[in-house]
Amino acid sequence: MSDILTIRGLRIEAPNGAVLVHGIDLDLKKGEVLGLIGESGAGKSTIGLAAMGWGRGGCRIAGGTVAIGGQEVTAESPAGRARLRGARIAYVAQSAAAAFNPALTIGRQVLEGPRHHRAMGKAEARAWMLELFRALDLPDPDHFGDRYPHQVSGGQLQRAMVAMAMSCRPDILVLDEPTTALDVTTQIEVLALLRRLIQRYGTAALYITHDLAVVAQIADRIQVLRHGKPVELGPTEQVLEAPREDYTRRLVGERQASLAGEPRRHEGGAELLAVDGISAAYHKVPVLSDVSLSLRRGETLAVVGESGSGKSTLARVITGLLQPTAGSVRLDGQALPASYTARGRDLLRRIQLVYQLPDVALNPRQTVGEAIGRPLGFYFGLKGREQKQEVGRLLGLIGLDPDFAGRLPGALSGGQKQRVCIARALAAKPDLMICDEVTSALDPLVAEEILRLLRRLQDELGVAYLFITHDLGVVRRLADRTAVMQRGRVVEQGPTEEIFTPPFHDYTGRLVASVPELRRDWLDQVLATRATA
Amino acid sequence: MIPLILKRIGLGLFTLWLVSVLVFAGTQLLPGDVASAILGQSATPEALAALRHSLGLEQPALVRYGQWLWGFVQGDLGQSLASQQPVADLLWPRFWNTMFLAAYAAVIGVPLAVGLGILTAVRRGGVFDRAVNILALGTVSLPEYFLGLVLILVLAVQNPVFPSLADVYPGMGFAERLDATTLPMLTLLLVTVAQIMRMTRTAVLAVMDSAYVETAYLKGLLTGRVVLRHALPNAAAPVCNVVAFNIAYLITGVVLVEAMFNYNGLGRFMVDAVAKRDLPMVQACAMVFGAAYVILNMIADIAAIALNPRLRHPR
Amino acid sequence: MRRIPPTAWIGLAIIALNLAALLFGPLLAPYGEEDILGGPFDPATALNWFGLDQNGRDMLSRLLYGAQMSIGVSLAASLLSFSVGLPLGFLAALRGGWVDTVLSRLVDTIMCVPVLISALVVLQALGSSLPVLIVTIALLDSTRVFRLARILGQGINVMEYAEAARLRGEGAWWLIRKEILPNAAAPLIAEFGMRFCFTFLFVAGLSFLGLGIQPPYADWGGMVKDNQQGILYGLYAPLYPAAAIALLTIGVNLVVDWLLAGRTRPQGEGR
């Protein structure tokens, strides 16, 4: 039969008894790529690992069957399952840096699988490894295996992990968010290489991700998951262009909006923030060079760039957490002291910072009411009943019930925590709110809600936003003006519409071209353009 | 990596010097007149002055320190006040006795403890793990004198397997020496093994929970190979730190055990010296113990550096 | 409140028992501390549950009287050690810079020498009076408390919520009280337990060596030393005070383990 992987009625339970996957059926044909799509908690990784007969963190397969090429994995003994792992089905993790043993060379680890499974002779395994290294475009393939994991770059290590997975010529690859941790520009390379590899060697694959546009480039069929239950299954084109289920439609809709959002157009007021020739360094390593920006009252300026562009460092300089080596920052024309310790209370009040990870941005021992109430008391002297009323009002503003005030952060979801962080910032009635990747750690649908909330708040309150992000879709939906940063410099800045309409500046063009679109043939097009360029 | 090791050795030498300063300051500079403490309240002023002169107490502290350190480095540890003999003659034989006892305990104890720590970590949550953990918790909480008393009761009095007092003398046969020192060794062992085992277990568990160990399992490797090739090489450095940490205990535990078994080692010697306020003896003993502690810690740190995979192969 | 496992209940019960002995020992003792009731090492009877000690005094009564000394001195030393080490550790974590460097170097220097050796050196010079004992042990022990407080403080200080508070303009006092302490409470309480165990065993050990609590005060360590000869005749006399010491240590360790369940034990000395 042509099905290489058959899953029937799979049920997976956590050690405390909670059900993570509620009975799912899955079929994978030889050489086919099936995308597993869903938000966090959907159970995609859990299913992928269960296909290998593995339960992470003590999870166990409580029911159902998994069969690889007819052989029932779930009926096998632990030793039997171990024989299949790596040999017939292999795993590519999200973070290569953590997945490699720092004490052994890369080559040693890549060859470990074939040696253990006795899949092929020593010379044959080594030749196969070199062929894989070459196919994955790794530098100096003949000697790459002699290096240690910490001696190579992140992108190279990710590709080495793919080589490690392919080392026994498995029938199935489980790819668990393989490109999520990479920059947009690197993502394209790895995606193209993966596709070429899979097609060349006829391997079937489960591609796990939350990014619809990415999975559209590589998957033949898509399975949408939610809270451990299947939502929709169909060929890629059908799921993207004509989704049947409501949830799928929302996912597709959010992605589309992010890619072609209606731009904002706000006429800002007087100039609020002026960044002038800022240079900064961490331990003598330059991170920012001669950065100048301008932000007007009530408008949103997005600062966009990849990792290492210095955008977060810029936020730290503006808030006074990092002292610049040159340049100045002015608020309403007044120069700001370089260190926040030298700024007065009212000055600190006017600029508020909202962080990327709401889990660590809130004190786990303080209730929501205390967290929001403190700025009210600290800056405005509000106490007792007055403070409680104002907290209630702010909670309503961000869309939460007043009784949330008594809850601890541990009882809140990621999106709710981020709303509380926003309320905490708003409590100070700031002129400027700096949002440092505030939606990057959230699921796409939740992130969309937060963005809508931020837009509404700006319309109502007239707060200016300095929005730091790497996501172009967010920029298009939220920002009046945009600054593009690369390696510590501002490459381009101006109204968002202008920046994102051709003709593009070199780097901006590359960035825009690297964002996957919701079309199956997008990757092919990009590769074709590159080949002719 | 070599520069790191050299740095550590340099730090070790500096620490040794610091210890000498601390020991000297502690014995010579603390308030309280040394002379009247030795001679008692009823001593005549002339006797006090004579003693002070013979001890060189009138000279400035820095000079005294220099003299003492210089003498120490050359092997002259001063004269015992109580017995008028050179301290060195009294100290070194007892030092070797203590080293014998500590080595006896370490040679058996460290491999046993580390082995148990690894086994319980690999079989986490199982019956073996829980049983060993309870035993370890119990032993860690028991003071040496309790364990020692029980051992004497069971293995020396009720069933005369070993002698109840650890009498050793020069020229003793090796087997005889082992027989005499086994009970004190067991006492030392029981407590140190428990400590080292618990901390090794924690270190190995941390490594077992890492992503690369999961990757090894996902490649189809079996537990034995995963532990040997992936977990242990990365746990080696933390385990070195664990052993180093417990060395401090071994050095001080020896003192109590020696007192209890009347073993003629440096620990009991130092306790007697303190009781008799024999200043030069206390100084010398403190210096030797302190130096041993510093040197052993330095060796363990260097081993940890040498075993750290990231440091052996830099970018 | 997490469900309390049976081992923790046992630990708490043991601690309660010892607290009672600490507070009401002399009141509960059937006989006086120095009352001679019979011959040395007389066996246990209905009147003397644990028999008599090497001087013919009631073992149980002396245990109860000794509780005050043993537990009291250790508790005093632990409290003093914490009140010195904790604020200094947090200060070093918050201020960083030269304050941190100076304090850390000082602590590192004191920790160069093993605690027992330092203690012996000091006792040799100053004698073994109660105040000297308590202060010496407290100061030596505070180095470990300093290290733990500093690491905990640093760990919390780098969290975004602590940074948000600093950015607000909050002062050091607020940061310690509201941001650091509530989040460091569990490991700190556990550490107090461990420091107490260590101090307790240490004081008893010193007394066992004859260098700790001096006569006329009696404590459990000294009782072990006095009764030691009994073991050579197969008598249980010295085991009673030794067991009392062991029991309290086990009890505190059980509670500490419960508090630290789920976290790795910080690398502090277990004794």
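This is a predicted model: local features need pLDDT of at least 70, side-chain atom pairs count only at pLDDT 80 or more; totals for chains, interfaces and linings use all residues.

Reader: How do you know what confidence the predictor has in chain A?

Author: The score called pLDDT runs from 0 to 100, and chain A averages 89, with 98% of the residues scoring at least 70. Within chain A, confidence is lowest in helix α22 (residues 522–532), at a mean of 81, and highest in β16(A), at 95.

Reader: What makes up chain A in terms of helices and strands, and what share of its residues count as buried?

Author: Chain A has 22 helices and 20 strands, and 47% of its 533 residues count as buried. Among contacts between residues at least 6 apart in sequence, 69% join residues that are at least 24 apart.

Reader: Why is A:Thr209 called buried?

Author: A residue is buried if 20 or more other C-beta atoms lie within 10 Å of its own; A:Thr209 has 22 other C-beta atoms within 10 Å, and therefore A:Thr209 is buried. A:Thr209 belongs to strand β8 (residues 204–209) of chain A.

Reader: What makes A:Gly35 a contact of A:Thr209, and how far apart are the two in sequence and in space?

Author: Contact is judged on C-beta atoms, which must lie within 7 Å, whereas the separation of 7.5 Å between A:Thr209 and A:Gly35 runs from C-alpha to C-alpha, across 174 residues in sequence. Leaving aside neighbours within four places in sequence, A:Thr209 is in contact with A:Gly35, A:Ile37, A:Glu177, A:Thr180, A:Val214 and A:Val215.

Reader: Which strands form the open sheet with mixed pairing, and what makes a strand an edge strand there?

Author: The open sheet in chain A has 6 strands in the order β16-β17-β18-β13-β19-β20, and the pairing is mixed. The edge strands are β16 (351–354) and β20 (489–495) of chain A, as each pairs on one side only. From one strand to the next, the twist averages 15°.

Reader: How do you know that β13(A) pairs with β18(A) and with β19(A)?

Author: Two strands pair if there are at least two bridges between them. Strand β13 (residues 300–304) of chain A and strand β18 (residues 464–469) of chain A have 5 bridges, in the parallel sense, and 4 bridges join β13(A) to strand β19 (residues 481–486) of chain A, also running parallel. In β18(A), A:Leu466 stands opposite A:Leu301 and A:Thr469 is the bridge partner of A:Val304, while in β19(A) the partner of A:Val303 is A:Ala483.

Reader: Why is β13(A) described as mostly covered?

Author: Of the 5 residues of β13(A), 5 are buried. Both faces are covered, with A:Thr300, A:Ala302 and A:Val304 on one side and A:Leu301 and A:Val303 on the other.

Reader: What makes up the side of chain A that touches chain C?

Author: The contact takes 15 residues from chain A and 10 residues from chain C. Helices α13 (345–350), α14 (358–361) and α15 (368–380) of chain A each supply at least two residues of that side of chain A, which by class has 11 nonpolar, 2 polar and 2 charged residues.

Technical notes
Residues are numbered from 1 along each chain as its sequence is written. Chains are lettered from A and ligands numbered from 1 in the order in which they are written. A residue is buried if 20 or more other C-beta atoms lie within 10 Å of its own, exposed if 12 or fewer, and partly exposed in between; C-beta atoms are placed from the backbone. Two residues are in contact if their C-beta atoms, placed from the backbone, lie within 7 Å. Axes are lines fitted to C-alpha atoms, for helices over the stretch in contact, and angles run from 0 to 180 degrees between N-to-C directions. Ala, Val, Leu, Ile, Met, Phe, Trp, Tyr, Cys and Pro count as nonpolar, Asp, Glu, Lys and Arg as charged, and the others, Gly among them, as polar.
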